[in-house]
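Visitor: Please show me the structure and its sequence, and then let us discuss it point by point.

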Amino acid sequence: MQLFSFSSLICILALFFLPNLIAQQPQDPESKAMDELMSEIQEEPLSAENMDQFTFIETLLSRMTLEEKIGQLTLYTADWGEKGPFLRDQYLGYLKQGKVGALFNAVTPDFIYQLQKIAVEETRLKIPLIFGFDVIHGFRTIFPIPLAEASSWNLDLIEQGARVAAQEASAVGIHWTFAPMVDIARDPRWGRIAEGSGEDTYLGSVIAQARVRGFQGTDLSAKDTIIACAKHYAAYGAAEAGRDYNIVDMSEQRLREVYLPPFHASVQAGVKTFMTSFNDINGVPSTASRWLLTDILRREWRFDGFIVTDYTSIQELIPHGVAANPAEAGKLAISAGVDMDMEAGIFQNELTKLVEKKIVSEAMIDDAVRRILAIKWQLGLFKNPYHYCDPEHAMSKLLTPEHRSVARKMAQESIVLLKNTDQILPLDKKIKTLAVIGPLAANQSELLGCWWGAGDTKDAIPILTGIQAAVSPETKILYAQGCAIQDANTQGFAEAVSIANQADAVVAVLGEAAWMSGEAASRASLDLPGVQEQLLQELHKTGKPIILVLLNGRPLTIAWAEANVAAILECWFLGTETGPAVASVLFGDYNPSAKLPITFPRTVGQIPIYYSYKSTGRPMDPSNKYTSKYFDIPNTPLYPFGYGLGFTTFQLSKPQLSQTKITDQENCTVQVTLTNTGKRAGTETVQLYIRDEVASITRPMKELRSFRKITLDPGSSAEITFTLTPKDFYFYNRDCQYVLEPGIFQIMVGCNSSDVMTERLEIVKK
Ligand code: BGC
């Protein structure tokens, strides 16, 4: 087998000997010959075809000026104008000078082609660009928001959704998505909770891996895979008071146990890039944290991709108060381990001077360049910079019927049935008169939720349209908006009440506007915005059965609705296929199976509230005032983590452990039988939690360790076997060592986090 081609061998030899040869003065004939050879090689355009990755990158690096190297570390955005995307003149100038390594937001295939052409034809070294974009829940076919997808607990489907997104994004020439967002979030005031997988570390970790697999596939150089980016590293979801960009102050133990694992899981799944977060942690902004970026990410976890900052994060080290000026900010970021500067321009403006003054070593910059060039190589861009560009056929690969059908399936599996009094749902398709009311009932513009990529709201199917298509020809559908999403105007109430009075049932479609969640969208109140709850109360007075359909990017405080309406469907934002998906649940074509990936508080005053809380020295006792509780509301949530109903009933047998005592090196299996005791086929998600009863530090009351989603016909049963390995019982102790402490563990199995059956397992030291 030939390891190196002849030309790469020459290059390696040349690279090796060059510094020594240069040092020799005066030149002897041999070194002169080598110089000539080198200059020949330098002039010869580099071809990736007959070189290996190492030789190619080292040779390229040896030809780069310091400015060109720093250019590779620079990421700028394209803007959107009346005629589509464009690049500011200033950035276009940098691009032509070879001072840009990657661009984002250049979403059309022609424009991407045009920009790549400039990079590979007009710059000195012809290094292709990476094109990035926020492909968060679909590209053109928009899937449910990530929090909604997490409600499906269906890892294969989530992976398939990311696959579809990658196929569409890569078809227009995009190579890199700024996703998945793997931030654990336990505060629904924080608008970006919509972009993640909720409150649980285990669920968040396995979903992170599914998304990485979906985006990246098994071959990065394939035309339809894109590189993923685990963001926002780290603990961005723990922003104090749920206010976006706010500070984070927490123990290292909690950081490692709750917030870091989904990032580590992403590395294990092979994620190629990481994005730093805006926040600081214990006084150090992530973008300046060598501990986070180098010690943990690169050294402990062996991450070998590149690290990009979030938007202008390096600049923000100044208002954070850890850098006095851009030069200091740049020095902090590069020394921490940042490879690519998103949009701040600080690397571009400051790094040359910092190297010249010997404050930053060129070797450090070389390393960052190597990591970025390696990804370009892996994408196949050096072999063919237009590999992903197919302007002619790109459009035909978007929003295909196949993609819409995956998106519809995902939307159906994301809908959580929170309440269903007297089995009011599913509705009969032959219902005589149905009133469909609310600001989101006929709405099309809000359905895609936050971050809708290259989606077009005009492709989204409204709920009213979905309902109209589902019912029998004899059914009369009446519609009234009732009120707006947010204002105080109640003039539409009368019409809404009047059509409700004429109907056999009312479907009220209420919730948030798309912009109310996502970035910079924190809320201090989690009530239905505007006068929507008032509208619901007026509709309730009619005495008609009310089915509340909610669209929102976060848990809302809906205690009144829970106490008063007949049925509640939590639909989050479901994307392009909203209407048909909601209608399929309303009329029973799809039996809902989703489970909450996040706790619903009764009121905002309970926040943060999550299922894996710890006991206290004074656990809640209703008969004792001096215990840990509120005197005005219960401690319990409105709906717990892992909760969700369906149209059938299931019964779970008592869990059976294979052994009640094992050593710290043995596995234990847990068996349960699930039976569909209802009248129709349905899907249930069986969840397994553990608790370490006594440890050297306090431990959560419950921690999810596994789950299975099972579909069963009526009357049939399935045996489920969970295997617990020693790793499932490890935790970070007071000194942040990852340990298993022998003792008694509770093993809990149930269909939501509040309702479980418990067995005990003893683990002894081997
Ligand atoms: C967001 C990131 C996003 C980036 C690029 C930032 O404001 O925090 O999540 O990837 O912009 O659009």
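Visitor: At what pLDDT do side-chain atom pairs count?
Guide: Each chain is numbered from 1 as its sequence is written, and side-chain values use heavy atoms, with hydrogens and water left out. The model is predicted: totals for chains, interfaces and linings use all residues, local features need pLDDT of at least 70, and side-chain atom pairs count only at pLDDT 80 or more.

Visitor: How many disulfides are there by the rule applied here?
Guide: A disulfide is a covalent bond between the sulfur atoms of two cysteines. The rule asks for a pair of cysteine sulfur atoms within 2.5 Å. By this rule, the count of disulfides is zero.

Visitor: How far from Cys-571 is the nearest cysteine sulfur?
Guide: Cys-571 takes part in no disulfide. The nearest cysteine sulfur belongs to Cys-450, at a distance of 16 Å.

Visitor: Which residue carries the cysteine sulfur nearest to Cys-751?
Guide: Cys-751 counts as buried because its relative accessibility is 17%. Cys-751 is in no disulfide either. At 19 Å, the nearest cysteine sulfur is that of Cys-668.

Visitor: How much of the ligand's exposed area does the protein bury?
Guide: A polar contact is a pair of N or O atoms within 3.5 Å; within protein, one must be able to donate a hydrogen and the other to accept it, and residues adjacent in sequence count only if both atoms are side-chain atoms. Polar side-chain atoms lie from oxygen atoms of the ligand at 2.8 Å for Lys-231, 2.7 Å for His-232 and 2.5 Å for Asp-310. Accessible areas come from the Shrake-Rupley method with a 1.4 Å probe; for residues, only the protein chains shown count as cover. Taken alone, the ligand exposes 310 Å², and the part that the protein buries is 93%.

Visitor: Why is helix H3 described as largely enclosed by the rest of the structure?
Guide: Helices (H or I, at least four residues) and strands (E, at least two) are DSSP runs, numbered from the N terminus. H3 covers residues 53-63, and its buried residues include Phe-56, Glu-58 and Arg-63. At its start, a side-chain oxygen of Asp-52 comes within 3.1 Å of the backbone nitrogen of Phe-54. H3 is largely enclosed because the number of buried residues, out of eleven, is eight.

Visitor: What is the relative accessible area of Arg-211?
Guide: Arg-211 is placed in helix H9, residues 201-216. Contact means heavy atoms within 4.5 Å; neighbours within four places in sequence left aside, the contacts of Arg-211 include Glu-149 and Ser-197. Arg-211 is buried, its relative accessible area being 4%.

Visitor: What is the phi of Arg-302?
Guide: Most residues other than glycine have a negative phi, and most peptide bonds are trans. Arg-302 lies in the loop between H12 and strand S11 (306-308) and is exposed at 65% relative accessible area. Although it is not a glycine, Arg-302 has a positive phi of about 60 degrees.

Visitor: What is the omega of the peptide bond from Tyr-233 to Ala-234?
Guide: Ala-234 belongs to the loop between strand S7 (229-233) and helix H10 (252-259). The bond from Tyr-233 to Ala-234 is cis, with omega near 10 degrees.

Methods: Buried < 20%, exposed > 50% of the residue type's maximum accessible area, 1.4 Å probe, protein only.
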